[in-house]
Amino acid sequence: MRELSARQVRIDDSFWSPRLEVNATRAIFHQWEQLEATRCIDNFRIVVGASDGFREGWYFADSDAYKWLDAASRILALHPDPKLVSLTDSLISLLTRAQTDDGYIFTYNQIHFPNQRWVNLQIEHELYCHGHLIEAGVSHYEATGRRDLLDICIKAADLLVRDFLNASNDKTCGHEEIELALIRLYHVTQKMEYLELARRFIERRGRVPLYGVRWWLERNDFLKRKAYVDQLRQNYLAQHPEYKSFRLPGGNYAKEPPFRQLRYRLNALSGFYAQQHAPIRKQTAPVGHSVRFGYLETAAAMLCREDQNLSPQSAQRGKTPEPNNPPTLVSSPALAPGASVVPFVFKKDSYESLLSAMEQVWERIVTRRMYVTGGLGSAPHIEGFGGDYDLDPEYAYNETCASLASLFWNWEMALLTNDARYSDLFEWQLYNAANVGMGQDGNTYLYNNPLTVHHGVTRQGWYVVPCCPSNLSRTFADLGKYIYSYDEDNIWIHQYASSEATINGVKIKIESGLPWNGKVKIHIKPEAQKEFPIHVRKPSWNMASPKASTASGYDPRTAEFESISRMWSADDEILEYNFDMSIRLRHAHPKVQGHAGKVTVTRGPIVYCLESVDNPDVDIFTAQLDSASLGDEFVSDLLGGCVVIHGKTTDGKSLKFIPYFLWANRGASQMTVWVNSK
Ligand SMILES: [Zn+2]
């Protein structure tokens, strides 16, 4: 399958268009203001001598600037707002000056340790930051056709090729991201060494003997460096009493597990935390930090797609090679002496073994390690996966970025396998696990997303680790690309957002009532009469699924593509669907502790919750739902317009459920997704 770019798809959807508008006109500017207010951008100004303050933020804070630039670029592809152009241009100009002559850019080292680089790779995220820089450059080039930011990225990537292509297996980043970024850079440059370096980074993981010892040594060195920086800060503050420090909200925990630090360290020492416990083909269970996991799997799936495209065996697999993307760019500096690049093709069975590992790990997630919202990560101490059926709703970390990483991966898996299950999970996670991350105003966010909140979780304008806001913004800006796919003969419909695109000379228009009503019309209008198959995803939520087939009660494996192959006339033919939007109660698997006698209320692709602000007369945690009492109603003046579900408790009190993704938009409150039901 091939994908379209977001620019090739025009979205005009009553649900999504207002959200995309908020994203493009408010959220992206709010995020810039926060980056300035928290002096993230000033860090680059300090490097170039344009500011004399003290460097602020985590050692990986540069990534927040790059991810914002990535989001802004994707927004500019659709909304060329002059104010946004001006902001991105000013940041690009700053980056041009901040980059060293040989391509390095990492403000933490440039300011505090000018003679050190590539130290403590498992902990300090230098390669992760370079990865987000590269993604921003590719997005900016795709959006504008301009080379300025892309050239910075090529310079950085060439440095990485020189320093890492022929390096040892311990030379990987503790936080994956550089791998998928290099593959994206390969797409626009066609430079094989970027693809090869990505492959080597992926293949190196899990191959370092005594990884825990290495991590421990790096941790000690990291702490020494941090203590040095802390001392520098104290000295600076003593010399500059006028300098204003500030504090940002940290983790937004509902509840923290005991022995948090110890459990984190054990997870990291074992290699699980950063997916360093086993080579990629032996990773058949999801472990560790769930954002890192998602980026690794995304890169592995992208690698498999490249193998499909480049391998002579691809024809035997029945796949269609993908044509080269934008024109090949001019070459960049030659490799260092001794560096060599071999043409990228997997060995005989390594495509199959990598795909098989990913399919197994995906199955393990949806059957045992995913919340009913599609959220990933039940272990807050590692911001990642707990054990099988370990799905405490209040511990639920479910970082917004983890859902986004899962979207990226599932899209790649959909393109790789032509299987509807991946697009089904994409839809579920998009509406519920990802969408909840941004408030209605575009200016407030949730970092972690528990399913039960007694107190302590509210939306914030910014966080001490503000990774999620711009990650959401870049994903929303790209929404159009996830709706359709195609190859030479076929067209697939993955998502039901009202939109239009022209594919293989066929104009396709979707009119969708989702997520509030199930009426969908698909207009198909070839330029001239033409025979071809179109494949339409029949959602899993439209079909009855076996009770307790998964831990969460949601099972994307029952989704399928309905294939309609016939002669299409040029007269605007229409396929009509009316998906079942009846209210469904989902039950957790009996092995999930604490969920006996509880249900989650869902309708179509939307997961519902009880929020205390709507239910002042009941205790939402002890109320007993009378499941026969449920009914739905579209309320146009609530939270931008949404379907609410009304019900009664067994003792006759009213209950009002709202979509989970809309909770926490009306001040601090309590919330629960699982409710008692006899
Ligand atoms: Zn995040």
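This is a predicted model: local features need pLDDT of at least 70, side-chain atom pairs count only at pLDDT 80 or more; totals for chains, interfaces and linings use all residues.
Which helix gives the largest share of the lining of the largest cavity?

Five strands form an open sheet in the order 2-6-7-8-11, and their pairing is antiparallel. Strand 2 (9–11) and strand 11 (573–578) are the edge strands, each of which pairs on one side only. On average, and with direction ignored, neighbouring strands of this sheet are turned by 15 degrees against each other.

Strands of a sheet pair through backbone hydrogen bonds, either parallel or antiparallel. Strand 6 (residues 499–503) and strand 7 (residues 506–512) run antiparallel and are joined by five bridges. Within this pairing, Ala-501 has Ile-508 in strand 7 as its bridge partner.

## The cavities

Rolling a probe the size of a water molecule over the atoms shows where empty space is left. Three cavities of 30 Å³ or more are present in the structure. The volume of the largest cavity is about 80 Å³.

## The lining of the largest cavity

The largest cavity is lined by Trp-16, Glu-427, Leu-430, Tyr-431, Leu-479, Tyr-482, Ile-483, Gln-495, Tyr-496 and Ala-497. Sorted by class, this lining consists of eight nonpolar residues, one polar residue and one charged residue.

The opening question can now be answered: helix 15 (residues 420–434) provides the largest share of the lining, with three residues.

Technical notes. Residues are numbered from 1 along each chain as its sequence is written. Side-chain values use heavy atoms; hydrogens and water are left out. Two strands pair if DSSP finds at least two bridges between them. Helices (H or I, at least four residues) and strands (E, at least two) are DSSP runs, numbered from the N terminus. Axes are lines fitted to C-alpha atoms, for helices over the stretch in contact, and angles run from 0 to 180 degrees between N-to-C directions. On a 1 Å grid over the protein atoms alone, a cavity is a set of points where a 1.4 Å probe fits but cannot get out, and a pocket is an open set with protein on both sides within 12 Å along at least five of seven lines; lining residues have an atom within 4 Å of a point. Grid points are joined across faces, edges and corners, and a volume is the space filled by probe spheres set on the points. Ala, Val, Leu, Ile, Met, Phe, Trp, Tyr, Cys and Pro count as nonpolar, Asp, Glu, Lys and Arg as charged, and the others, Gly among them, as polar.
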